[in-house]
Amino acid sequence: MTYVVKPKFHHPALPKNKLGFTHRDYEGSVSTLCAGCGHDSISGAIIQACFELDLPPHRIAKMSGIGCSSKTPTYFLGQSHGFNSVHGRMPTVATGANLSNRDLIYLGVSGDGDSASIGLGHFAHCLRRGVKMVYIVENNGVYGLTKGQFSATADAGSTSKRGVGNTDEPIDLVSMAILLGATYVGRGFSGDKQQLVPLIKGAIEHRGIAFLDVISPCVAFNNHPGSTKSFDYVREHNDAVNMLDVMVPRDEITVDYDGGTVMDVTQHDGTVLRLRKLEESYDPTDRLAAMAYIQKQHAAGEVVTGLLHIRHDTGDLNDRMNTVEVPLNSLGEAELCPGAKAIDAINAGLR
Ligand SMILES: Cc1ncc(C[n+]2csc(CCOP(=O)(O)OP(=O)(O)O)c2C)c(N)n1
Ligand code: SF4
Ligand SMILES: [Mg+2]
């Protein structure tokens, strides 16, 4: 069975957000993933983030590729727009959608196979172009849907369920994202919702490309001793550099931490990202230092999590291309077909 309808009934006293929606209004159909799959926890975190931000579901467009991870948009935001694309092409389809309608909130969900193998070129160009979207990779180190082959993010030396060692070097997606110019880069763990929900909320409020690598254990094929993407391994080696609180403009901003351990970053829309520093010297605005720290800790077997890099001095792809403010489908024939004279003027400008 691939589609299960969820009963509409819910407890009448469920809390409602500012729009009058309950948590249930942000859910999708019943998940058909394996019980305990990390991807389901990420769906739960997305639902919670959208509920807490009071987002109107019709303003969100979910995009995905192919894989267990890419199936998950069916399991959240059932009242939002959605497009399940071809393997690895989510970022490119999201780029096109973004250019034709900058009004929506684009939420891309991909897998490590989807983004780090077949879709690596699409991932790279989406990030360097600064497509305004939230790009989440649900990273389990394997191709879960096709029965657990090592993916390109599997660490060298980690072993498969049958004990075979991986000899290839891994692709570290957060390091690549920072290198490619992504302006909000974080790593979370599906087993730590307290850290993940604010990371997603901050990403949604970010004006630019927000990339999140979420370690998400595959309980069927990659959750054994010898795997560096198992629940136990990540719990034991989680090096959280900060904890994030996201305060949208209407929230009262209170100071309840020791000044030296807190760093506030104000985003374009007035949202304040309050970072409680867990690693004293870590500064996510220092791009080179962030990359060096991530590499150093990876070499030591640690999994660095938190908001790893942030920049808000750049616009997004639409700003750079000076695209029209309104969705293309709201334009009339006069704007879309300005006539031969306008085309002649454009052609003359290209000579
Ligand atoms: C063009 C193409 N090549 C190969 C496949 C087979 N395929 C389906 S999902 C997948 C990998 C999925 O891995 P990942 O993106 O990590 O998602 P996960 O299932 O682990 O969440 C592959 C190789 C495909 N569907 N299309
Ligand atoms: S095969 Fe792995 S990734 Fe796919 S649903 Fe099962 S646990 Fe999740
Ligand atoms: Mg995978």
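**View 1. Charged side chains of the predicted model.** The protein carries 32 positive and 38 negative side chains, and the centres of the two sets lie 6 Å apart. Lys and Arg count here as positive and Asp and Glu as negative, while His and the chain ends are not counted; each charge is placed at NZ of Lys, CZ of Arg, CG of Asp or CD of Glu. This is a predicted model, in which local features need pLDDT of at least 70 and side-chain atom pairs count only at pLDDT 80 or more, whereas totals for chains, interfaces and linings use all residues. Residues are numbered from 1 along each chain as its sequence is written, and side-chain values use heavy atoms, with hydrogens and water left out.

**View 2. The largest nonpolar core.** This core has 37 residues, and those with the most contacts inside it are Ile-46 and Tyr-184. A nonpolar core is a set of buried Ala, Val, Leu, Ile, Met, Phe, Trp, Tyr and Cys residues joined through side-chain atoms within 4.5 Å, where buried means under 20% relative accessible area with a 1.4 Å probe, protein chains only.

**View 3. Surroundings of Ile-46.** Leaving aside residues up to four places away in sequence, Ile-46 touches Phe-76, Leu-77, Leu-107, Val-109, Ile-136 and Ile-200, a contact being heavy atoms within 4.5 Å.

**View 4. Another nonpolar core.** A second, separate core of 31 residues includes Met-63, Leu-127, Val-185 and Tyr-282.

**View 5. Burial and extent.** Buried residues make up 49% of the 351 residues in the protein, and the C-alpha trace spans about 70 × 50 × 45 Å along its principal axes.

Note on methods:
Chains are lettered from A and ligands numbered from 1 in the order in which they are written. Buried means under 20% relative accessible area, exposed over 50%, partly exposed in between (1.4 Å probe, protein chains only).
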